[in-house]
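Okay, everyone, let's get started.

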Amino acid sequence: MSTPLLETRDLKKYFKTPAGMLHAVDGVSLTIGEGETLGVVGESGCGKSTLGRTVLRLLEPTAGQVLYRGEDITTFDKRRMFAARQEMQMIFQDPYASLNPRLSVSEIIAEPLIVGKLCRNAHEMNERIGGLMETVGLAPRFAHSYPHELDGGRRQRIGIARALATNPRFIVCDEPVSALDVSIQAQILNLLMDLQEDKGLSYMFITHDLSVVKHISSHIAVMYLGQCVEYAGTKELFANPLHPYTRALLAAIPVIDITRRGKRIETIQGEVTSPIEPAPGCRFAPRCAYATEACRQEQRLCQVSEGHWVACCRAAGEEA
Amino acid sequence: MGNLLDIRHLTVVYHTEEDEVHALSDVSFSLQKGETLGLVGETGAGKTTTALAIMGLLPRRVGEVQSGEILFEGRDLLRCSDADMRAIRGASISMIFQDPMTSLNPTIRIGDQIAESIRQHQPDMKRADVERRVDEILEMVGIPAARKREYPHQFSGGMKQRVVIAIALALEPQLLIADEPTTALDVTIQAQVLQMMGDLQRQLGTSTILITHDLGVVSQTCDRVAVMYAGEIVEVGTAEDIFLGKTHHPYTTGLFGSLPDLNRETRRLSPIDGLMPDPADLPKGCRFNPRCPHCTALCRECEPELTARGSHAIRCHLMGKEERA
Amino acid sequence: MSVKENSAIRKRSQLSLIWHRLRRNRLAMLGLALMSAILLLAVFADVIADYDTKVVGMNMAERLQTPSAKHWFGTDGYGRDVFARIIHGSRLSLSLSIISMLIAVAVGSMIGAISGYFGGRVDDVLMRLMDMLLAIPPMLMSISIVAALGRSMANLMLALALAYMPVFARVIRSSILSVKDQEFVEAARACGTSDARIILRHIIPNAVGPIIVQATLAMGSSILTISSLSFMGMGIQPPQPEWGTMLYEGRDLIRTSPYLVIFPGAAIAVSVLSLNLLGDGLRDALDPRLKN
Amino acid sequence: MAKYVLKRLAMMILVVLGISFIVFLIMNLTPGNAAQMILGQSANPEQVAKLEAELGLDQPFFTRYFNFILGALRGDFGQSYQTRLPVFDEILARFPTTLCLATLAMMLATLVGVPVGVISAIRQYSIVDNVSMVTAMLFASLPSFVMGLLLQLSFALNLKWFPATGADSLRSFVLPAITLSAGTMATLTRMTRSTMLEVIRADYVRTARAKGVGERQIVLRHCLRNALLPIVTVIGVDFGTVLGGSVVIESVFALGGLGTLLITSIRMKDTPVVMAAVMFITVTYSLVNLAVDLIYAFIDPRVKSQYTKG
């Protein structure tokens with residue numbers, strides 16, 4: 001098998017809090033192939049955003065490796081990291097907070113070009129900016145507007161143009177559409193998919209919305225309290241969810257289906273427990289209807305069928 | 001069966017420093033006893049304004065009801081005195097707000113916040129009875145009564161929203177307005193809360209207006225649906241009309257096309273082009289015409305009327321024509 | 001169509017937006033006009049009244065005259081024209097407060113910026129130090145410093161700067177902390193932007209607002225402090241025409257010639273008022289949430 | 001909670017020690033010599049040296065500092081170089097005047113400022129609001145000593161309602177307290193108004209309205225308590241302003257308070273008195289702020305749970 005574009009090996013990111021160590025990302029191993037999209041789903045506090053930032057070394061990992069084209073970027077010095085950053089970019093969740101309010105649209109898009117010294121002169125720079133704006137569907141007349149004058153959808157397009165400026169190969173998309181209205185959300189999702197087709201980009205697509213993740217991803221990783229509990233191809237995961245949490249998550253999505261009106265659906269009880277100094281063993285066990293004595297043990301991701309991994313002794317045993 | 005709520009030609013304007021914003025124009029709909037109506041639309045469509053107008057809680061000095069009637073059990077709420085409205089709010093009509101994090105007073109124990117609602121409307125009730133009622137309602141929303149002496153910051157988001165619901169249902173109102181009650185919550189918690197709300201509603205026979213942008217939630221909970229766009233109702237009908245019917249307002253069609261469907265394979269979504277118009281500067285004719293794929297000369301000139309066919313009404317020139325033909 | 005064109009016309013940078021909001025605030029504009037007038041008077045003080053003859057030159061023949069067409073604000077115990085002294089006094093008060101505030105802002109922001117951006121131990125130590133300075137009431141601190149070091153312009157400025165510096169350090173620190181974790185700073189870091197460029201291009205421009213507001217308000221309060229010090233006999237020494245010094249000199253004559261207290265007092269009040277109005281207006285323009 | 005208070009007290013001791021060292025350093029580094037000051041310019045070097053030895057000024061810097069601190073810990077601040085009286089007695093004679101003045105001024109400022117601010121916020125843009133805001137603005141801009149002089153002129157010298165100077169009875173504190181409170185009253189009014197305006201717009205106030213709660217109850221039960229949080233902090237900080245401002249007011253109304261003592265002592269290089277006065281003021285100010293933080297916890301359960309945790 002050829003080396004994947006990106007691979008994390010037992011990646012960990014802990015934060016110090018007054019109450020103890022917060023295990024935001026706790027031993028996550030994933031791979032993303034060239035031209036693929038890995039959807040990372042989970043509820044708030046599951047560590048998905050921290051994972052995205054740690055992969056790009058915006059946060060220094062506590063332990064573990066991030067391999068980009070087979071090289072561990074966590075060991076890179078400043079200069080090599082600078083070069084790597086040109087290929088690995090990020091699109092942010094909040095179209096308001098992610099753009100510097102003091103800079104105009106063209107200045108925002110120019111920043112990575114200036115920092116990366118990617119243009120020889122002003123003329124070339126303007127050409128590049130114009131090209132990028134066209135790519136993301138921003139009319140040239142917005143070049144001198146300021147972010148606060150534009151709506152959420154256009155602002156998110158600016159963020160995408162900025163991420164594309166350095167011609168990256170891999171982009172972490174952190175909830176890029178969750179702040180947008182549905183009709184605008186669809187425009188942005190289409191744009192991201194078109195870009196992927198045109199440029200052969202790879203995405204790590206972080207979201208809490210399972211229908212969005214199903215639409216855009218080739219593979220999906222489900223996270224719960226800092227750990228990846230299930231990882232599979234999109235079709236496989238939706239057709240054959242194994243982890244009780246994945247199943248609960250799928251059951252909880254309000255799909256458009258009026259036959260379900262007034263009927264009881266199976267919901268999981270309780271709420272997410274604290275990620276601070278978690279007890280060993282399966283972290284979902286306190287809410288799991290099938291929890292047994294065996295769940296007190298550490299659950300490792302096991303491959304149950306080709307490309308389908310799950311971290312649940314019961315599910316793994318059932319399948320085998 | 002009579003209508004519990006009848007809104008007729010409601011028009012609301014916000015006077016801001018710079019502009020006059022047309023928040024609601026000629027909004028009419030009704031709600032029967034025990035019914036759940038979904039009010040669907042995107043940001044700025046006028047959903048929350050409708051709710052606040054019913055509650056009589058439009059921002060003072062800024063929001064103005066220019067015309068229309070809100071008939072609740074035959075009584076026009078817009079003509080009620082402040083004192084009468086206070087007696088209705090919380091007792092006959094309650095509202096649940098979107099953000100559970102900020103909806104509760106951080107310095108008052110949650111039990112007292114629920115009790116306040118009861119005492120306000122039943123001042124003669126004995127202290128012990130009030131306490132008993134608080135315990136009862138807390139258990140009803142799935143919170144152990146022992147936690148009533150805790151403060152809001154000791155609760156998680158989902159639990160806080162349960163408290164907010166408990167406050168709203170404490171006096172078993174006839175009408176509950178829920179403004180995006182689960183938007184701020186995670187899906188699994190959303191499922192729990194929706195389930196609980198549905199159970200209570202059936203148990204108490206409350207009529208509900210559910211405001212949301214999530215068509216999935218609407219399809220699973222509502223009897224009837226009204227779709228709002230730029231301050232108008234563009235389509236209204238039974239859940240069957242909206243989710244199974246063939247003819248739709250082009251905006252509704254666009255809304256459905258924008259959603260990634262879990263049950264179908266679609267490579268590309270078919271979103272609506274463009275943006276919602278600036279409510280301070282609305283287009284002439286049909287408000288959807290700049291974004292409509294079927295726009296005609298007539299659409300740019302005249303505003304269409306809401307035309308009903310049975311239980312299903314659509315505000316579109318194209319539909320009108322079809323009907324006449 | 002009209003929607004799209006509409007948003008293209010409303011092309012405004014944030015700066016011009018703030019100016020636009022400020023311009024609609026009548027009180028702030030009044031403050032700005034008053035302050036500009038005072039500054040103009042200060043700049044052209046020599047043209048309006050001669051320093052040697054009218055301001056410091058004594059004229060016992062014309063002492064303690066009540067306000068008249070010749071002496072608008074009357075004359076003091078040495079026959080000096082009060083109006084001329086007030087005009088020239090504005091030079092002293094304004095320049096002293098401007099210079100000391102500049103020092104306080106420069107030093108304070110540097111400490112605050114270092115503290116806020118780097119955090120951790122550095123932050124702990126610097127903020128403890130600031131706490132210590134803040135534990136002494138500022139007026140008491142400036143009085144003590146002047147009393148200990150002796151009366152001089154330089155000591156006065158030092159005292160003021162030291163008394164106000166911790167406030168600025170606090171303000172810029174919290175303002176940097178609020179900007180530092182925003183996603184656009186993260187976005188800059190994601191494309192490899194250097195720390196220096198992040199601070200200069202992304203953080204500082206977004207953090208200066210509160211400092212400008214605070215500096216405007218602090219300038220007003222430093223004028224009050226300067227005059228208080230002079231009034232206590234610890235600021236500017238006679239015969240220099242400082243407002244507080246004039247009040248100090250006029251104090252004993254208050255029963256017979258109250259205008260010797262009223263006019264310099266009014267001069268102080270008007271300049272402080274104009275700065276307060278302007279500062280308030282700036283704050284509202286930067287953060288318009290509280291309006292309407 | 002007790003743990004939190006202890007932690008704060010420990011912190012306060014650190015701050016006071018730090019400040020005392022800085023003050024001691026300044027007193028030593030600045031020009032001038034206590035012995036020379038006492039004996040006058042005409043005294044010869046031998047006389048000066050003799051007095052220095054008598055006062056212990058010939059000992060090394062650190063020895064003197066530690067001796068002072070050790071004494072201070074036992075409550076003995078030494079003797080004044082000037083009067084040769086125990087410093088503690090001198091301070092104790094003056095401190096009540098300053099404390100009384102500051103407390104009166106603070107009470108006046110709070111009792112007037114907070115209610116006026118609340119009413120202004122509830123009736124935003126009304127005549128009451130406009131008048132009180134303009135008045136507050138003027139109060140904040142008028143130097144306190146000018147106001148003091150004018151009050152003295154009209155109510156003491158002309159109308160003779162109150163004594164013009166001295167600290168003999170409570171009556172003589174009336175004018176100084178009013179003068180001293182003006183500035184703080186102004187900031188408190190403005191602050192109260194703006195926090196109230198913010199709180200009135202809060203979501204939980206809307207929730208209360210949706211319950212059908214009346215306006216009066218909304219203000220009293222829901223707004224006031226939450227708006228008080230930042231106001232209480234400001235009251236603590238303003239106590240410092242008032243303590244500092246009292247120096248000026250003491251001189252206008254000739255009240256022999258701690259501030260006046262401090263300034264003469266600094267001029268006379270009377271280090272023990274200066275040190276003791278500064279420590280008294282700092283400790284008072286720190287205690288007021290600690291009290292403020294505890295009140296804060298009492299008002300806000302979120303803060304309370306933070307204290308009990310930490």
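So, are R53(A) and E186(C) buried or exposed? R53(A) is buried, and E186(C) is buried as well; for the cut-offs, buried is under 20% relative accessible area, exposed is over 50%, and partly exposed is in between, with a 1.4 Å probe and protein chains only.

Quick housekeeping. This is a predicted model, where local features need pLDDT of at least 70 and side-chain atom pairs count only at pLDDT 80 or more, while totals for chains, interfaces and linings use all residues. Residues are numbered from 1 along each chain as its sequence is written, chains are lettered from A and ligands numbered from 1 in the order in which they are written, and side-chain values use heavy atoms, with hydrogens and water left out.

Back to that pair. R53(A) and E186(C) make a salt bridge, with the closest N and O atoms 2.5 Å apart; by salt bridge I mean a side-chain nitrogen of Lys or Arg within 4 Å of a carboxyl oxygen of Asp or Glu. The pair crosses between chains, going from helix α1 (residues 48-55) of chain A to helix α10 (residues 183-190) of chain C. Helices here are DSSP runs of H or I, at least four residues, numbered from the N terminus. Over all chains, the structure holds 52 salt bridges.

Over in chain B, E131(B) pairs up with K148(B) in a salt bridge, closest N and O atoms 2.8 Å apart. E131(B) sits in helix α5 (residues 127-140) and K148(B) in the loop between α5 and α6 (157-169), so this pair ties together parts that are 17 residues apart in sequence. E131(B) is partly exposed at 24% relative accessible area, whereas K148(B) is buried at 17%.

Now the greasy part. Which residues touch the most other members of the largest nonpolar core? Those are F168(C) and I91(D), in a core of 149 residues. A nonpolar core, here, is a set of buried Ala, Val, Leu, Ile, Met, Phe, Trp, Tyr and Cys residues joined through side-chain atoms within 4.5 Å. Helix α9 (residues 153-180) of chain C gives the most to this core, namely 14 residues.

As for I91(D), leaving aside neighbours within four places in sequence, its contacts (heavy atoms within 4.5 Å) include P96(D), L258(D) and F280(D). There's also a second, separate core of 96 residues, with A53(B) and L169(B) among them.

Notes: Helices (H or I, at least four residues) and strands (E, at least two) are DSSP runs, numbered from the N terminus.
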